[in-house]
Amino acid sequence: MSDCIFCKIANGEIPVNVVYEDDRILSFHDADPQAPVHVLIIPKKHIPTMDDVTEEDGELIAHIMLKVKDIAKELGLNNGYRLVNNCGEDGFQTVKHLHFHLLGKRRMTWPPG
Ligand code: 5GP
Ligand code: ZN
């Protein structure tokens, strides 16, 4: 998707502070952090939202989920963290390229706002 900001980040057109990268996924610091540690984890493949994930994406999504603990450890989140996906309008998703927020180093509240 040529006009997608996260596709541009994934292909290096827009520079970010990278935390983890491999051939399928990228993790980088959020530009507007909502916690002392706030990174995003994205597939390099353009998938708009969680609603658009298919069976074919199963391994990719599993790969992201399996990397979460490694990224959390790398960032020193040894007292827990929150992993969030905002989906669609009610989920307040602002960037329509699938991503997971990993937030930590502060005590979260529940329910979320
Ligand atoms: P959403 O609201 O879609 O769940 O989350 C989008 C996130 O992407 C927001 O937390 C926002 O701060 C972050 N973001 C948007 N544009 C950029 C950017 O160009 N660089 C970085 N590092 N983060 C971005
Ligand atoms: Zn995209």
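In which strand does Val-84 lie?

Reply: The model is a predicted one, and every value below is computed from it. Val-84 belongs to strand β4, which spans residues 82-84. The relative accessible area of Val-84 is 21%, so this residue counts as partly exposed; the class begins where the buried one, under 20%, ends. From Val-84 the account can pass to His-99: 15 residues separate the two in sequence, and their C-alpha atoms are 8.6 Å apart in space.

His-99 leads directly to the ligand. It is named among the closest of the 17 residues that surround ligand 1, together with Asp-30, Asn-86, Thr-94 and His-101. An N or O atom in the side chain of His-99 is placed 2.9 Å from an oxygen atom of ligand 1. Backbone atoms also take part. In Val-95, a backbone N or O atom lies 2.9 Å from an oxygen atom of the ligand, and in Phe-92 a polar backbone atom is 3.4 Å from an oxygen atom of ligand 1. The protein covers 81% of the 520 Å² of accessible area that ligand 1 has on its own. As for its location, ligand 1 sits in the largest pocket. Of the elements, α1 gives the most, with three residues. Sorted by class, the shell holds nine nonpolar residues, six polar ones and two charged ones.

With a relative accessible area of 66%, Phe-92 is exposed, because the class takes in residues over 50%. That area concerns cover by protein chains only, and the polar contact of its backbone with ligand 1, at 3.4 Å, is a separate matter.

Within β5 lies Leu-102, which is buried, with a relative accessible area of 0%. Lys-105 is located in the segment after β5. Its phi is positive, about 70°, although Lys-105 is not a glycine, and at a relative accessible area of 48% the residue is partly exposed.

Leu-102 can finally be set against Asp-57. The two are 45 residues apart in sequence, and the distance between their C-alpha atoms is 20 Å. Asp-57 occupies the loop between β3 (37-43) and α2 (58-74). A relative accessibility of 3% means that Asp-57 counts as buried, since the limit for that class is under 20%. Between Asp-57 and Pro-43, which are 14 residues apart along the chain, the C-alpha separation is 9.8 Å.

Key. Residues numbered from 1 in each chain as written. Chains lettered and ligands numbered in written order. Predicted model: local features only at pLDDT ≥ 70, side-chain atom pairs only at ≥ 80, totals over all residues. Heavy atoms only, no water. Near = heavy atom within 4 Å. Polar contact = N/O pair within 3.5 Å; in protein donor to acceptor, adjacent residues only side chain to side chain. Areas by Shrake-Rupley, 256 points an atom, 1.4 Å probe, with all protein chains shown as cover. 1 Å grid on protein atoms, 1.4 Å probe; cavity = no way out; pocket = protein on both sides within 12 Å on 5 of 7 lines; lining within 4 Å. Sits in = over half its atoms within 2 Å of the grid points. Helix = DSSP H or I, 4+ residues; strand = E, 2+ residues; numbered from the N terminus. Nonpolar A, V, L, I, M, F, W, Y, C, P; charged D, E, K, R; others polar. Buried < 20%, exposed > 50% of the residue type's maximum accessible area, 1.4 Å probe, protein only.
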